[in-house]
Amino acid sequence: MKILAIESSCDETAAAVVEDGRRVISNVIASQVQEHKIYGGVVPEIASRRHAEAISSVVSKALSDADMTLEEVDAIAVTYAPGLIGALLVGVNYAKGLSYASGKPLVPVHHLRSHIAASYITHSDLKPPFFCLVVSGGNTMMVKVKDYTDFEIIGRTRDDAAGEALDKAARAMGIPYPGGLNLDRIAKDGKDDSYKFPVPKVEGCPYDFSFSGLKTSVINTIHNTKQKGEEVNVQDLGASFMRAVTGCLCRNTEKAMLDNDQTTLVLAGGVSANSVLRREVEVLCKKHGWKLYLPELSLCGDNAAMVGSQGYYEYLAGSRAGLELNAFAGMEIDK
């Protein structure tokens, strides 16, 4: 079964053709990073306008690269939540138009479910049930994946997402956008024990995360260092901050896995590309003999191939939408 998938939840306009949820036939992405770099972050209005300008050509190229016509696809899958509402509406409305014009069924897909599905493409042997640590710029949560379309949230962030904390810390250090990605590169040669940060805990909720305190701590560290007339070592500070963030993620993940007798862990989301997090999660799983599945680096960020993968399983589960489909800025993964 071949699915044409569309993704426009943030600042990537993407389309792909995916077969049976596992084989990527084509995958096209139009990125807006260079434009948003001017502003130090994604500007929602600009993102929406660029999606509107790019979506037709991106979808056409995805079909062309797959050597297919719209009539030859079996269904159309589209990200409808969560994300920037204006950006999402561009993709949703375009997909509805394609569905109406072609008579192909329309499948609504949750963005975070898609990030988890990225590993189905990378690993042909991966099947639920398993635990998944979802880490992105807007979300951080521990999810029990009971089946391809059945999810339970085990733990979540109470404030900032891990990716958001990395981006804001990078900005405070003077590191250009995209902050988290550039922080990862700059901190590679830093000493991760040079600066001390608090260990965040959520009282009574051992699987939940909190990153706002870490974000505040790094900003205070920068201010205090400058007030003393000292120079901030960005490499060391960045390495130390990433160690604190990944330490929080790994500690809570370890407890959740042990308490729930889990032996398979999947890492998902944009921050799953972070080299320190990938390394530390590998160390954690090796320590306990757990099986670890990491998405291919090219599938960590927003893309339509992952939407096509999850869309296939949503289709099999009977999920369909009509012209009444709307976009939602926020929506739980288990809804």
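**Ground rules**

I am working on a predicted model, where local features need pLDDT of at least 70 and side-chain atom pairs count only at pLDDT 80 or more, while totals for chains, interfaces and linings use all residues. Residues are numbered from 1 along each chain as its sequence is written, and side-chain values use heavy atoms, with hydrogens and water left out.

**Whole chain**

I started with the overall dimensions. The C-alpha trace spans about 65 × 45 × 30 Å along its principal axes. The radius of gyration (taken over C-alpha atoms) is 20 Å. A compact globule of 335 residues would come out near 20 Å, so the chain agrees with that estimate; the rule behind it is 2.2 Å times the number of residues to the power 0.38.

Next I checked burial. Of the 335 residues, 56% count as buried, where buried means under 20% relative accessible area, exposed over 50% and partly exposed in between, with a 1.4 Å probe and protein chains only. The chain exposes about 14300 Å², and carbon and sulfur atoms supply 48% of that. Those areas come from the Shrake-Rupley method with a 1.4 Å probe; for residues, only the protein chains shown count as cover.

I also looked at contacts (heavy atoms within 4.5 Å). Among those with a separation of 6 or more, residues 24 or more positions apart account for 74%.

The secondary structure comes to 10 helices and 10 strands. These are DSSP runs numbered from the N terminus: helices are H or I with at least four residues, strands are E with at least two.

**Sheet 3-2-1-4-5**

I traced an open sheet of 5 strands in the order 3-2-1-4-5, with mixed pairing. Two strands pair if DSSP finds at least two bridges between them. Strand 3 and strand 5 (106–110) are the edge strands, each pairing on one side only. The twist averages 20 degrees from one strand to the next; axes here are lines fitted to C-alpha atoms, for helices over the stretch in contact, and angles run from 0 to 180 degrees between N-to-C directions.

Helix 2 (residues 44–65) packs on this sheet and touches strand 1 (2–7), strand 2 and strand 3. Its direction makes about 25 degrees with that of strand 2.

I then zoomed in on the hairpin. Strand 2 (residues 12–19) and strand 3 (residues 23–31) run antiparallel and are joined by 8 bridges. V18 stands opposite V24, and V17 stands opposite S26. With 3 residues between the strands, D20 takes a positive phi near 55 degrees.

**Sheet 8-7-6-9-10**

Another open sheet has 5 strands in the order 8-7-6-9-10, again listed as mixed. Strand 8 (150–156) and strand 10 (291–293) each have a single partner strand, so one side of each lacks a neighbour in the sheet. Here the twist averages 25 degrees from one strand to the next.

Inside this sheet, strand 6 (residues 130–135) runs parallel to strand 9 (residues 264–268), with 4 bridges between them. V134 stands opposite A268 there. Helix 4 (residues 111–122) packs on the sheet, touching strand 6, strand 7 (140–147), strand 8, strand 9 and strand 10, and its direction makes about 120 degrees with that of strand 6. Helix 8 (residues 234–259) lies across strand 6, strand 7, strand 8 and strand 9, at about 160 degrees to strand 6.

**Back to the rings**

How many aromatic pairs does the structure hold? I get 8, counting rings of Phe, Tyr and Trp (its six-membered ring) whose centres lie within 6.5 Å; planes under 30 degrees apart count as stacked, over 60 as edge-to-face and the rest as tilted.

Y120 and Y148 have ring centres 5.1 Å apart and planes at 70 degrees, so I log them as edge-to-face. Y120 sits in helix 4 and Y148 in the loop between strand 7 and strand 8, 28 residues apart. Both are buried.

F209 and F211 have centres 6.2 Å apart and planes at 10 degrees, so that pair is stacked. F209 counts as buried at 0% relative accessibility, and F211 is also at 0%.

**R156**

My last stop was R156, found in strand 8. Is R156 buried or partly exposed? Partly exposed, with a relative accessible area of 29%. Leaving out residues up to four places away in sequence, R156 touches T140, M141, Y207, D208, F209 and E332.
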